[in-house]
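Take a short walk through this model.

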Amino acid sequence: DGEGEKLPLQIKTNPEHNGKPDRRTLIPEVTLQGNFLHFITPCSGCTFRLVQSDNVCYEVEIMGNTLTIPATFTGLYELQIVSEDIIFYTEVEL
C-alpha cells in the first residue's frame, strides 16, 4: 500500500508531567516505512523522540503529516510521540 507498517503504539504517562492518561485518549495512527514516519492522525505540535537505554538520542517537534528520521539512526529504539502528559511509544528497528 506504500504507506508502510502501522506502529503498535502503547500509552504511558510522561514523568515530566503529573497528569494521568485519559482512558479515552485516542492512540494516533502512525506508519513507518524505512526512515519515514507518516502520521495518519494529526500529531502536529507533539514531540517526536528516539530513545535508547533511557537516553534521548533524537528529539524534534512534529510538523505536518510526515517526518524523516535521519539515516544516521540505526538499530533498536523506543520511538516516542510526546503529547503533554502522555507518551505514545513502541519499539522500532531502524
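A disulfide is a pair of cysteine sulfur atoms within 2.5 Å. By that cut-off, the structure holds 0 disulfides. C43 is in none, and its nearest cysteine sulfur, that of C46, is 5.1 Å away. C46 is likewise in no disulfide, with the sulfur of C43 as its nearest at 5.1 Å.

This is a predicted model: local features need pLDDT of at least 70, side-chain atom pairs count only at pLDDT 80 or more, and totals for chains, interfaces and linings use all residues. Residues are numbered from 1 along each chain as its sequence is written, and side-chain values use heavy atoms, with hydrogens and water left out.

Are the two cysteines buried or exposed? Buried means under 20% relative accessible area, exposed means over 50%, and partly exposed lies in between (1.4 Å probe, protein chains only). C43 has 3% relative accessibility, so it counts as buried. C46 is buried too, because its relative accessible area is 13%.

Now move to the loop between β5 (47-52) and β6 (55-61), where S53 sits. Strands are DSSP runs (E, at least two residues), helices are runs of H or I (at least four), and both are numbered from the N terminus. D54 lies in the loop between β5 and β6 as well. Which backbone angle stands out at S53? Its phi is near 50 degrees, a positive value in a residue other than glycine. Phi of D54 is also positive, near 65 degrees, and D54 is not glycine. S53 has a relative accessible area of 69%, so it is exposed. D54 reaches 78% and therefore counts as exposed.

Strand β8 (residues 76-83) holds Q80. Q80 is buried, because its relative accessibility is 6%. What does its side chain pair with? A polar contact of 2.6 Å joins it to the side chain of E78. Such a contact is a pair of N or O atoms within 3.5 Å; within protein, one must be able to donate a hydrogen and the other to accept it, and residues adjacent in sequence count only if both atoms are side-chain atoms. Contact in general means heavy atoms within 4.5 Å. Not counting residues up to four places away in sequence, Q80 touches K12, T47, F48, R49, V51, I87, F88 and Y89.

The last stop is L94, in the segment after β9 (86-93). L94 has a relative accessible area of 22%, so it is partly exposed. Leaving aside neighbours within four places in sequence, its contacts include L32, L50, I69, F73 and Y77. I69 is 25 residues away along the chain, and the two C-alpha atoms are separated by 9.1 Å.
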